[in-house]
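Work through the exercises below with the sequence and the model at hand. Each task is followed by a solution in steps.

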Amino acid sequence: MNVSLLVSILASASVYAALATAVVLVYRANRVLVFHLAELGVLASYLMVTLSGEAGWSLPASFLAALAVALAVSVLVHVLVDHWGRPFGHFVGTVLTIAVGGILMGLIGMIWSGRTVRMILAEGRTDVFGEPISTNTLVVMGLCCLATVAVHLVVNRSRLGISMRAVANSASLARHRGIQVSRVLLVVWLLSGALGTIAGIGMASLSAVAMEGAVIGVSAIVAAILGGLTSLGGAIIGSILLAFGEQMVIVYVDPRYSQVVPILVLFTILVIRPSGLSGRTESVVRV
Amino acid sequence: MRTVLSRPLSTAGPHPPAGEARPPSRGAAQGDRAGRRETGALARRLAIGLAAIAAVGLLPTQGLYWLALGNQSAIAAISAMGLTVLVGTAGLLSLGQAAFLAIGGFTAALLVIHMGFGFLGAMAAGGVVAGLAGALVAAATARTVGIYLAVGTLALQYVVEIVLSDVEVQLTSGMGFQMPVAQVLGVELTSEEDWWYFLCLMTFLVWFVLRAIVRGQPGRTWVCMKENATVAGSLGIPVRRARMAAFALSSLVAGAVGVVHGFYMGTVQITNYSLHLSIVYLTIAVLGRLGSIGGAIWAAAVITVLPQALNGFMRALGFDLIAFGAGLEDVVLGLILAMILLEAPRRLWARIRPGRPA
């Protein structure tokens, strides 16, 4: 296997990992499966490319602006799902995120009317083990890995992470122990929004800023399911496996069929081992 | 204590004891509304029936534009009726209803063009193939809870779009399959008006059959399964089979509608069956109250006419919304879906007129 293939596998794996981590984070906290994160990422990438291109902002400034918008949307979704939608359960919460995804896609279509734009974060090429690799790919990989690792550190090492895990375990028990559940949930949504933004911008930079970018939402959810849907580490492993399968199909079969891979993986995993690859089975109720 | 008795779980067993008092509503799914139904229920039903007959008779006099909207509503209504049984009665969230329409439509196109099938034969075949596909999805996700089903059906939606667009490119070089004129028992459906009467008849038949199924033993099984699958299993309900049956029924209806849609449009093209359409059907099912088969009919009309009405209204105010195209429709659909899910109208009503039930 050559270096450039390995790098492209790792690059898409890191994008999926960021998004799958966000999915797992929210699912652990309130049992809502988020469907709108990829759309949020697409919105952020359109904002960023518009601000840095037509408006002439610098890349970091336009990134921060896009992030701010995505975080504002995340706060709205938090209010929608965790406050207004709470009495109706997580089933309704999940459909609410689908509705939000639809609204976001509609807005993107209205503002940018399906334009496809290139967005390069870094020019030039860098030598990796003697092979020139596009610096842009490396930057995307670095950003997504950094974001994913940062969230993992927050969840596993900080006091906030402990309260997140407490809420994930039992919201009512956590409330009795003095944890402000609503605030923890807000942080969870903000983190997932930030991860969605970074993943969306990363994906857009790897291919192009386009409405079709929302397809990675399915891949990320599949990667999360592959990892057991409640395990952060599992989400990363699931992402790597999925990216590997997709790249193999792109190289050896037909690029158009790469999107079929997550679906085949999903059906296989649902039939053989619904609890995912990790040993955690707490959330999957078998019928 | 009728309201308690008519709670879904208490009457939804597969074999209720002969002596048990049954609520007058008969419907297990619509159980909690039994009390309100007793007064003036007959009059209301009569009024709805008369209004429906009047609508069927009067729409053809309103011109082609409204007739075309009516036909689109009827097609959406039939698909959404199938979906509302699956999502509302059986509690299985599906995001792939349009995929089953596509499966039915493509099956019909291949059979009609290459094997000389007629309209009704193609409709039966399309329904059966889509139903089998639905049962297969249900079987594949048999070991998981409802939320995985949403992912599974979403995945199906994507895979169907990818595979069938490939089929379309290979066989028709991307032009779509051209369908012949539909013929029902020797009568050719050529004008919008012909289609209107046919679609109304089909809507009525599907409504009647689905209602009978939901009110009968299968429907009770599904309600029980939705309330608590473990309890249902311990009561002796074969949960997996019930789940597969619900999925097969819903996708059978969708497949048959897909065939009708293909003949009505004159072409079968994969771009007609996108994820957007699945979300439209879900919105219709939610707007008409999940599980309410009749509700899907009026909700379909509302959702079909709404974009047109919105456009007309805004044009009257001096804005041209055509430029925004499908984007605005997506936004409106999403807002409706979210608002109905959060029971926004009822909450708003409670704030305007406190103490009065909406």
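**Exercise 1.** How much area do chain A and chain B bury between them, and what share of it lies on carbon and sulfur atoms?

Solution. The model is a predicted one. Chain A and chain B bury about 3900 Å² between them, and 78% of this area is on carbon and sulfur atoms. Next, take the elements: on the side of chain A that touches chain B, those giving two or more residues are helices H3 (59-84), H4 (89-112), H9 (216-226) and H11 (260-272) of chain A. Among them, H4(A) gives the most, with 12 residues. Then sort that side of chain A by class: 32 residues are nonpolar, five are polar and three are charged. As for the residue count, the contact takes 40 residues from chain A and 40 residues from chain B.

**Exercise 2.** How many disulfides does a search of the whole structure find? Explain the result for A:Cys144.

Solution. The search finds zero disulfides over all chains. Start from the cut-off: a disulfide needs two cysteine sulfur atoms within 2.5 Å. The cysteine sulfur closest to that of A:Cys144 belongs to A:Cys145 and is 7.1 Å away, so the two are too far apart for a bond.

**Exercise 3.** Is A:Cys144 buried or exposed? Classify B:Cys224 as well.

Solution. A:Cys144 has 1% relative accessibility and therefore counts as buried. B:Cys224 is buried, with a relative accessible area of 1%.

Technical notes:
Residues numbered from 1 in each chain as written. Chains lettered and ligands numbered in written order. Predicted model: local features only at pLDDT ≥ 70, side-chain atom pairs only at ≥ 80, totals over all residues. Heavy atoms only, no water. Buried < 20%, exposed > 50% of the residue type's maximum accessible area, 1.4 Å probe, protein only. Contact = heavy atoms within 4.5 Å. Buried area = accessible area lost by both parts, 1.4 Å probe. Helix = DSSP H or I, 4+ residues; strand = E, 2+ residues; numbered from the N terminus. Nonpolar A, V, L, I, M, F, W, Y, C, P; charged D, E, K, R; others polar.
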